[in-house]
Amino acid sequence: MSAAVETGPRNALSSRWQNWRRGAYRFRQSTLSIVGLVIVALLIAVALVGPYVVPHPEHVAGGVSTAMRFRPPSAQFWFGTNELGQDVFSLVVAGSRISLLAGLAVVVIAAIFGTLIGAVAGYFGRWVDEALMRFTDLMLTLPSLILAMAIAAALGPGIGNMVFAIAMSWWPGFARLVRGEVMAKKEEVFVQAARALGAGAPRILMRHILPNVISPIIVKMSLDMGFAILTVASLGFVGIGVKPPTPEWGSLLSLARGYMPDYWWTAIFPGMAIFLAVFGFNLLGDGLRDVLDPKARR
Amino acid sequence: MALLEIRNLHLAMRSFEGEAHVLNGIDLKVDTGEIWGVVGETGCGKSLTGLSISRLVPTPPARYLAGEILFEGRDLLAASEAEMRALRGRRIGMIFQDPTTNLNPVFRIGDQMVDVALHAGHADPAVLGLDRRASGRARRKAARALAVRMLERVGIPDAARRVDDYPHQFSGGMRQRVLIAMALIGKPDLLIADEPTTALDVSVQAQILRLIHDLVVEDGLTVVMITHNLGVVAQLCTHVAVMYAGNIVEAGPVRPVFKNPGHPYTRALMAAVPTAGTKRGELAGLPGIVPSLFKPPPGCRFATRCAHATAACDLGAPAMRELSPGHSVACVLAGEI
Amino acid sequence: MLIYTVRRLLLLIPVLVGLSLLVFTISHLLPGDPVKLAAGPQATQAEIQSLARELGTDRPLPAQYWSYATGLVKGDWGQSVLTRRPVWDDLKIYLPATLELVIAAMVLAVAIGLPAGLVSAVYANRWPDYLSRTLSLAAISMPRFFLGLLLQLAFAMWLLWLPLGGRFPIIDEPPPFVTGFLTIDALVAGDLGAFATALKHLALPAAAMCLSPLATITRMMRASTLEVLQQDYVLTERALGLSQRLILFKYVFKNALSATLTVIGLYVGWLLGGTVLVETVFDWPGIGLYATKAIVTQDFMPVMGVTLAIGVVFILSNLVVDLAYGLLNPRVRYE
């Protein structure tokens, strides 16, 4: 169909600005993206100030009050209390910081490691590329959750170990992304010029190529956040990584399993927290991708 | 009664930048047996006119503001979807520009043709040479036989075997033949062809034009041929309508229009066609740009590019005036320049 | 096609060698001494050494890998240091259980997801579309273990309609082993009662597992249907009068399916790797629980076996998808 309408020439700068405005317009038009943004903002706020304003900070630190075991949700205990008489609300709020930080750390470490591998493979090409990418593909074939569990279990309990273990199963995605971007960029004129001027490989990579591939990396990081949080909770749920009394959402849920169905609130609220956090990041990431990647939008 | 009559058709198209008035009062009367060429530049609305006849313009984003499209006196814009469907493929056949993208790549061409034949046969069993009581199996068999016959008619060698091939196994020209066979398998009365030769090699173009010509003559088809190529019109058509920015600016039998063009735009179009006698540097382009259809000027839409434009041109849309029987022009200076 | 399949299978060999080498290397890079753990806390140095000799872990690593790799080919996948049972024998029991679960979940996801995506695309940007898009994003965000828990709570604890967990009641005699898939084995044995029992046990875990692939398939199918609907040939089909239903469910469906197929293949591997969570919730005796138990006790051979098995199934399912892709798409040539 030829419904094209001539609107006169436009220069590149104003068309980029136009694209940007269109993107922002689309984002604001999409109710779901806004909902995602609100959830994520709320979550960050809770993670920042939550631990200082919770009604029972002593429970977060591991304190117990056995006299108050298994109280159902009420005005005093919004989310009820658990088998140790701890306030579930306080634990869930405190858990937001752990989940967010752990998720962020996973994504950042995976991005750094993946970028390193991908950039080297993409820049040097030939056998280096071949070897690194075969390795990356093999890593993608391994079941990532089992791999993360095995690494975390071998390293011993602790959030740091768990984050490292998950990141070690997470980087291949970043490596593939960065390799493609670097391969496209290294043929561009400004890189050729830098090479002609005698710049070495590390300098070209760090100064000229990587700054130009940073935006797809950031998009992937934002898209991955939700699932990173989910994976952290999964490991907590199977009992690998974080150990009580750390109020991690997954391990809270895992402990609560034993007290179903009578004390359902001990499980429902941590579970809802995981769901909401993941949902919020996914909504946001989806909206961001629509804005930043016009090809994928519908 | 004319087979097809478009009266004062106005169509608006919504987009990010606003609503564009893309068809601005189209009038076209097509009698049985006539072969109309609709010519104009990209974006002038000629394809939308063609699609409107089969009512295939998606609404929204498009919106019909006014007008009617009468097929045998029945207004298609008021018809139900089921009524439209009964016309499509059976009474109105369509061919589009690019044969490489208009065949479904993952189905055998026979599959697609059989479905069209079955659809047409459902509306009128005579298409398949059967009566209403024929079983599904008999219909399918007849539809397949018809598909092979149609492929033979459009000049596909070894049609009985090739009916089971996939589109990618045919060349571009052959695919357009398949599409023509598919458009005609329901024995339509009206054929709408939207740039059927534009995407083809020059050598193949002539073959396809001849094929369309022969089929049209054999079947006594009425045709609306959308094209930007005046040569195609000269070779194939009995009538021509020239479109500019959503208006028909000149229409009539091919001979008087080509011999004595009344609209400056038609003249410019004809001057832009190179002939064997054209000397270097003589080929005329057209200066200026098409006006924005989001805020069209109140007067003649061609005035921004017209060498003869006067103050009178901006006063209001010029009405169609008849220069000779059947040949009319929408220009205030018609007959004077 | 046959030649292509054989070639693809031959190409698997280097991949499998690489996979086994990778798994072997990772397991030896990790800290922790499984032999010491297996020997028990009170074991003397001599006891540990003799156990190491018995298990072959005192030899140099290349030698260990060589015997492991040659063992794999012969069906000797090593043995658990804890239970002393051969890994292969365990996998023969646990892998079918997991596969049954994964396949049931995938069948559900495909059966609902494909039409849902198609409908969502047809109603693009109207309420059925918004509903299905919001629901699928929510479904992807839903932790499977939490969903499993909620399902348990609702159907097994409050409504008492379905069993809480497990694969078959312990007190009952399961149907004789044929495929390892209890539903199929029950049918083979002609035991409809056992079939119903197996199905009831399968229902909740399969539901918990299918939600995420269901949502992804819906989204993928929606996107590819939207793309196909823009194609010229759909306009031609409409212009020649074919009914909306025929166009959608025959002509558009087949085109949109080939793009979605890739996702289906990837998901089989992903589900296999993530089956741990659902198996934990429902006490489903599959490779996930088996692996978890081994991981916690740092019993490496079973973990390596499970990882390899999942890798192999993943690669094979992608091969099947590629072959199916060729069936759907005549332009793909196998040469």
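1. UniProt, in an unreviewed entry, places a "transmembrane region" at residues 31-54, 98-124, 145-170, 222-243 and 263-285 of chain A. Such annotations may be inferred rather than shown by experiment. Bear in mind that this is a predicted model, where local features need pLDDT of at least 70 and side-chain atom pairs count only at pLDDT 80 or more. Residues are numbered from 1 along each chain as its sequence is written.

2. Two of those spans are worth a look. Residues 31-54 of chain A are 96% helix and 0% strand, with end C-alpha atoms 31 Å apart. For residues 222-243 of chain A, the figures are 73% helix, 0% strand and 28 Å. Helices here are DSSP runs (H or I, at least four residues), and strands are E runs of at least two.

3. Now hop to chain B. Its open sheet has 8 strands in the order β6-β7-β8-β3-β9-β10-β12-β11, with mixed pairing (two strands pair if DSSP finds at least two bridges between them). β6 (92-95) and β11 (321-324) of chain B sit at the edges with a single partner strand each, so one side of each has no neighbour in the sheet.

4. Inside that sheet, β3 (residues 35-39) and β8 (residues 222-227) of chain B run parallel, joined by 5 bridges. B:V38 has B:I226 in β8(B) as its bridge partner.

5. Last, chain C. The axes of α10 (residues 232-239) and α11 (residues 244-282) of chain C come within 11 Å and cross at roughly 155°. α10(C) and α11(C) are therefore roughly antiparallel (angles over 145 degrees count as that), with axes fitted to C-alpha atoms and angles running from 0 to 180 degrees between N-to-C directions.

How values were computed: Chains are lettered from A and ligands numbered from 1 in the order in which they are written. Side-chain values use heavy atoms; hydrogens and water are left out. Angles under 35 degrees count as roughly parallel, over 145 as roughly antiparallel, 65 to 115 as roughly perpendicular and the rest as oblique.
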